[in-house]
Amino acid sequence: MDKKPNIVLIVADNLGWGELGCYGGGALRGAPTPHIDRLAAEGLLLQNFNVESDCVPTRSALMSGRHPIRTGCLQSVPPGLPQGLARDEITLAQQLSAQGYATAHYGKWHLGDIPGRYPSDRGFDEWYGIPRTTDESQFTSSIGFDPSVADIPHIMQGRAGEPSENVKVYDLDTRRGIDAELVDRSIGFMRRHAETSRPFFLYLPLVHLHFPTLPHPDFAGRTGAGDFADSMVEMDHRVGQIAQAVDELNLRDDTVFIFCSDNGPEFRKPYRGTAGPWSGTYHTAMEGSLRVPFIIRWPGKVKPGQVSNEIVHVTDLYATLSRIGGAPIPQDRPIDGIDQTDFFTGASPASLREGFLFYIKNELRAVKWRDWKLHFYWEPEVNEGKGKLESPYLFNLKQDPKEESDILIFNTWVLGPILKMVQAFNQSCIAHPNTPPGKLDPS
């Protein structure tokens with residue numbers, strides 16, 4: 001690849017498989033999504049794109065190309081406690097920055113909230129957004145909130161080589177307006193680089209649809225179907241604004257445009273989403289947690305109008321976008337991501353991945369392999385689990401997409417390839433010890 005393409009990566013927060021029109025939702029959910037549906041028609045839509053169980057694990061997997069069990073990024077923790085990617089992890093932003101890309105992060109980071117771990121310390125030239133999670137916007141409105149013992153959340157910003165700083169309090173009012181701000185800054189970033197020959201990497205992790213799922217005032221009441229539907233229509237509009245800006249800046253043919261979600265749907269009422277035909281929500285090992293929307297458009301490279309059920313994992317984006325940007329994959333550590341460039345562009349007829357291990361925190365909950373799913377623990381609903389199973393449950397996901405009928409006793413042959421995957425991963429972790437959660441960086 002002679003000219004490095006621009007990369008636009010938009011990640012929605014807790015957008016379930018069944019929400020978008022192009023995934024069977026949209027108007028059915030009271031919230032048409034014409035902009036994202038159009039994007040899907042112009043590229044490749046994946047029906048079997050898989051993520052991790054929670055916001056922090058997925059974002060760490062995306063940025064490092066490694067399963068969270070390796071990096072210690074197992075879960076979200078409150079402010080003031082060690083969290084996020086240790087500085088010895090090599091982020092996707094560092095990969096692309098080293099190849100000459102301008103890099104920007106606008107949105108939710110959730111991979112470190114101390115000096116040295118902010119986005120502008122980890123390969124991004126600039127950033128604006130929230131360092132942790134969106135539910136913190138409720139803090140200052142909560143009964144009994146005490147700022148002497150709990151940090152006041154802020155929207156922050158920073159530039160490489162400079163300290164990151166607080167911009168304004170992150171409360172329910174600023175939560176309603178933050179996605180509009182993120183898009184405005186993203187468009188400004190693209191515009192600044194459109195007239196130069198320097199490629200850019202725009203990472204835009206939106207705040208929608210994470211609870212509290214509250215729309216911008218301009219979208220409040222838009223659908224008549226409540227805050228959640230209004231927020232979904234707003235999210236679709238924001239993606240459309242970015243796509244329109246790419247076109248107006250004459251960048252369409254030179255830009256890899258990806259839209260996906262970080263996790264399965266919310267399970268908390270009244271903001272509960274849907275995973276369509278799949279069971280479960282995030283924080284479980286059900287398909288509704290693993291499978292989320294993914295669309296890639298790359299004119300002249302990715303054929304439009306495609307739909308695929310091939311397995312792709314979020315760690316694969318690290319390897320794929322590194323290759324697209326001309327960056328070699330680190331060789332001094334295990335990288336779990338697989339380069340899917342050939343699959344996306346049609347040079348390979350199928351995904352180069354047959355399966356993956358799925359952890360929640362430090363427990364191996366399940367393994368997917370081809371059309372099979374083996375559960376070692378059973379928790380179909382959050383906090384309603386049976387614990388570890390003496391005899392694992394096995395499902396064929398094509399025959400039984402809702403994971404209702406265990407058929408292990410008739411298909412014990414499947415244990416062979418799956419347990420070999422587990423053994424190989426465990427041996428890799430022995431050879432390259434995992435980073436413990438909360439590990440501090442060298443001072």
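The model is predicted. In this model, a search of the whole structure returns 34 salt bridges, and the largest nonpolar core contains 53 residues.

**Surroundings of H216**

- H216 is placed in the loop between β7 (200–205) and α6.
- A polar atom of the H216 side chain lies 2.9 Å from the backbone nitrogen of D218.
- Beyond its neighbours within four places in sequence, H216 is in contact with R176, G177, A180, E234 and R238.

**Helix α6**

- The 22 residues of α6 should span 32 Å at 1.5 Å a residue, and the end C-alpha atoms are 31 Å apart, which agrees.
- Of the 22 residues of α6, 16 are buried, so that the helix is mostly covered.
- N250 follows α6 and has a positive phi, near 55°.

- Side chains of opposite charge can pair when their charged atoms come close.
- R252 and E42 form a salt bridge in which the closest N and O atoms are 3.5 Å apart.
- R252 lies in the loop between α6 (227–248) and β8 (255–261), and E42 lies in the loop between α1 (34–41) and β2 (44–50), so this pair ties together parts that are 210 residues apart in sequence.
- R252 is partly exposed, with a relative accessible area of 26%, and E42 is likewise partly exposed, with a value of 23%.
- R59 and D262 meet through their side chains in a salt bridge of 2.8 Å, N to O.
- This second pair links helix α2 (residues 55–64), which holds R59, to the loop between β8 and α7 (287–290), which holds D262; the two residues are 203 residues apart.
- Both R59 and D262 are buried.

- E287 forms a salt bridge with K373, with 2.9 Å between the closest N and O atoms.
- E287 is in helix α7 and K373 in strand β14 (residues 372–378), so the pair links distant parts of the chain, 86 residues apart.
- E287 counts as buried at 0% relative accessibility, and K373 is buried with a relative accessible area of 0%.
- Through salt bridges that share partners, E287, R291, K368, K373 and E403 are joined into one network.

**Nonpolar cores**

- Within the largest core, the residues with the most contacts are I10, M190, M235, I242 and F259.
- The elements giving two or more residues to this core are β1 (6–12), α1, β3 (102–108), β4 (126–130), α5 (172–194), β7, α6 and β8.
- I10 touches L204, L206, V239, I242, F257, I258, F259 and C260, when residues up to four places away in sequence are not counted.

Terms used. Residues numbered from 1 in each chain as written. Predicted model: local features only at pLDDT ≥ 70, side-chain atom pairs only at ≥ 80, totals over all residues. Heavy atoms only, no water. Salt bridge = Lys/Arg side-chain N within 4 Å of Asp/Glu carboxyl O. Helix = DSSP H or I, 4+ residues; strand = E, 2+ residues; numbered from the N terminus. Buried < 20%, exposed > 50% of the residue type's maximum accessible area, 1.4 Å probe, protein only. Expected span 1.5 Å × (residues − 1). Polar contact = N/O pair within 3.5 Å; in protein donor to acceptor, adjacent residues only side chain to side chain. Contact = heavy atoms within 4.5 Å. Core = buried A, V, L, I, M, F, W, Y, C linked by side-chain atoms within 4.5 Å.
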